[in-house]
Protein chains: 2
Amino acid sequence: MDYRPLLARRAAAEVPALFRAGAATPPGVIPLTYGFPDPGSFPIQGLIEAAGRMLRASGREALQYGPIAGPAPFLDLLVAKLRQEGIRVTHDHLVVTAGGSQGIDLITHLLVDPGDAVVVEAPTFIGALQTFRNAEADVHEVPLDGNGLDTDVLASLLQRLVDSGRRPKFVYTIPTFQNPAGVSLSLERRRALVDLAHRFGTLLIEDDAYSELRYDGTASPSLFSLDGGGAVFQVRTFSKILAAGLRLGYVVAPPALLPRLLQLKVDVGTSPFATHVAAAFAGDGGGTLDRLQGHIETLKGVYRVRRDAMLAALAEHAPPDVDWTVPQGGFFTWLTLPPGGDAAALLPRATAAGVSFIPGASYFARGDGRRHLRLAFSFLPPSDLAEGVRRLCRVIGSPER
Amino acid sequence: MDYRPLLARRAAAEVPALFRAGAATPPGVIPLTYGFPDPGSFPIQGLIEAAGRMLRASGREALQYGPIAGPAPFLDLLVAKLRQEGIRVTHDHLVVTAGGSQGIDLITHLLVDPGDAVVVEAPTFIGALQTFRNAEADVHEVPLDGNGLDTDVLASLLQRLVDSGRRPKFVYTIPTFQNPAGVSLSLERRRALVDLAHRFGTLLIEDDAYSELRYDGTASPSLFSLDGGGAVFQVRTFSKILAAGLRLGYVVAPPALLPRLLQLKVDVGTSPFATHVAAAFAGDGGGTLDRLQGHIETLKGVYRVRRDAMLAALAEHAPPDVDWTVPQGGFFTWLTLPPGGDAAALLPRATAAGVSFIPGASYFARGDGRRHLRLAFSFLPPSDLAEGVRRLCRVIGSPER
């Protein structure tokens, strides 16, 4: 059967091969690749207890079809959780999604026709790039630095796009503990970014996957809470604070747009089972979240130690002209090779030396990321992180044959 | 903020209001609306045991990110289950989805550009219609009768579309225990349908949500197993045979198209947690499915009694010129009012008399379904079904004021 004439234009287009979660690591190689949560920190006993208690009390609801936006007990939990963060919302702002990724996908389908302009920071999350490419978006990049997205460059880009009649549908940003760069957007730039959205009439997608996992420093307000005018979608997830395998996330949306998002969510609602388990784990299932908050405190302790182990190993072993970011939270640091360096060319040598990473080019839609690479400190114990960094630095410091 | 210029064309279009799962039923009204599984048949104890056993043994895998196509133990289970049905596949045919609905959505995104022709049977599943409308497909209808989709009418339609350069991307069909009509496609027509797909170079989406729930009669082979040439996507679900709240389904796809489907599945894989729970419930988690098969046998007993109760009540109470289908499985019967009848006009009177249903028009993309209505026998106990049908028939038989 000849499928070619049957494929949608976007699906027929060759999509660049992207790094795939779950790709096997050769034996003996320390994978600094995986931005996965620490499997040793999954609250297995707590989830066994919560699942049993919840199924006995609410099995008929948890195992049945539920509302498209999500079951009310879980929405209550989200409202309470967001209130703790200074974000005041009601059920009318919320839709539960299959992880943060489905949230990005739904918003993209809501806003993007093929050829529409969108803006991302560079580097950015690979999964978001794939989603925007699937939608045939015209992806524009704005560089980031130690204070996050460069809002001056963004202002010029927005002006240029609007002047040419190509107002972008949204700016996609990860303002806190960015993936892959590990940096956070400064308060001043957060304010500037929200202003720019209103000035140019574009929306912001605030991907906030990591903000609960802060190891030091002071939190800035979210873009959602800085915005007074409905310009921000906040995309959230339980993948990092509870369990990625539940595939549980949510979108905090402008209420005027929520019904349209729900119309695009044709999966008959994200797992009532998973939402009920999460609500039962978080507290008493009635909107409390004490146990979840306690678990997040535990996770912060675990990941702080890992971050410190990675940064200490970099400080000890990195050749003098290698640079890296110092994240105050999240899962990643972003390393810059000496001038002329090429992370993709380095990878085979690194793998042969027993360590792997993701080359930076994967995180760019257009720009040249060859001098960069992402190191994840979330997945491995501190001793592996230290040894992996040691191996990596030795390879960086040794001349190519 | 003015969102209108920011919406994608398809999202900005007014979508017809569709009947929504979870809409509240007024007190005292017997809802013959819900095509939901029987909540009293959820295997709550079995799932508590399975979840606990699974989390103790495989918590680190079940709570972590997994492969996009689905975890291997669950794919093994699917391979074994399909083999029992005479369908021989490997992991290369399979992608786990959030219910059957995500499967339909992924296939639609794979194949449909705005304006592309697709074919459905009339009436058909409301959720599929919404998905095709979201994609701005040009939806063509083929009527069905007691033997399912009329393949002669389909042949003429395909010829006409192909002659005018508008070859449809696919024919979407529910060949077994159709939703909403309750009928099944005859073997002869199944063969004809597969032949037509190859002759006209179009694909088939076989939505097979109900085939495991057969109460009498003999099964016909699936379209997937009749097809030798990769023309069929089979969309399946665990919603009816285990628990809708798990949101667990799968697509059996032509292997050549699977990688492209996976590229569109940007949700980082359907819940590893849910798949591991289901595999642990089904058997020993190693691909066996004895307990799942036993549970399906139990369900068949429950639903057979409910179907019989509804059909007996119709036989006893229906006015002489009312017609209905006699399903050999699934969840629904489809009722045809006397000439001149209008189900939507009937609904307020029926609700006042204490019974509700879904008017037929919702199930048509273009055609006129006003004489029809869907009755679900899955959700309520037999006594409620009998009383609901009695009330309904009294309203049908009484003249409008």
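In the predicted model, the contact between the two chains takes 66 residues from chain A and 66 residues from chain B. On the side of chain A that touches chain B, at least two residues each are supplied by helix 1 (9-12), helix 2 (44-62), helix 4 (99-111), helix 5 (126-134), helix 10 (258-264) and helix 11 of chain A. Helix 2 of chain A provides the largest share of this side, with 9 residues. Sorted by class, the side of chain A that touches chain B comprises 37 nonpolar, 20 polar and 9 charged residues.

The same surface serves both copies, since 100% of the contact residues of chain A recur in chain B.

Within helix 2 of chain A lies Gly59(A). Gly59(A) has 21 other C-beta atoms within 10 Å and is therefore buried, the threshold for burial being 20 or more. When its neighbours within four places in sequence are left aside, Gly59(A) is in contact with Phe42(B) and Ile44(B). A separation of 27 Å was computed between the C-alpha atoms of Gly59(A) and Gly103(A), which are 44 residues apart along the chain.

The domain assignment divides chain A into domain 1 (4-43 + 293-397) and domain 2 (56-287). The C-alpha centres of domain 1 and domain 2 of chain A are 23 Å apart. Contact between these domains of chain A involves 34 residues of domain 1 and 35 residues of domain 2. On the side of domain 1 of chain A that touches domain 2 of chain A, the elements giving two or more residues are helix 12 (290-317), strand 11 (332-336) and strand 14 (372-376) of chain A. Helix 12 of chain A gives the most to this side, namely 6 residues. The class composition of the side of domain 1 of chain A that touches domain 2 of chain A is 17 nonpolar, 11 polar and 6 charged residues.

Helix 3 of chain A (residues 72-84) was considered next. Its 13 residues should span 18 Å at 1.5 Å a residue, and the end C-alpha atoms are 19 Å apart, which agrees. The buried residues of helix 3 of chain A are Pro73(A), Phe74(A), Leu75(A), Leu77(A), Leu78(A), Lys81(A) and Leu82(A). These buried residues pack against strand 2 (94-97), strand 9 (249-252) and helix 11 (272-282) of chain A. Just after helix 3 of chain A, a positive phi of about 85° is taken by Gly86(A).

In chain B, an open sheet is formed by 4 strands in the order 10-11-14-13, with antiparallel pairing. Strand 10 (323-324) and strand 13 (358-359) of chain B are the edge strands, each pairing on one side only. Strand 11 (residues 332-336) and strand 14 (residues 372-376) of chain B run antiparallel and are joined by 5 bridges. Opposite Thr333(B) stands Leu375(B), in strand 14 of chain B.

Key: Residues are numbered from 1 along each chain as its sequence is written. Chains are lettered from A and ligands numbered from 1 in the order in which they are written. This is a predicted model: local features need pLDDT of at least 70, side-chain atom pairs count only at pLDDT 80 or more; totals for chains, interfaces and linings use all residues. The expected span of a helix is 1.5 Å times one less than its number of residues. A residue is buried if 20 or more other C-beta atoms lie within 10 Å of its own, exposed if 12 or fewer, and partly exposed in between; C-beta atoms are placed from the backbone. Two residues are in contact if their C-beta atoms, placed from the backbone, lie within 7 Å. Domain bounds come from an automatic or database domain assignment. Ala, Val, Leu, Ile, Met, Phe, Trp, Tyr, Cys and Pro count as nonpolar, Asp, Glu, Lys and Arg as charged, and the others, Gly among them, as polar. Two strands pair if DSSP finds at least two bridges between them.
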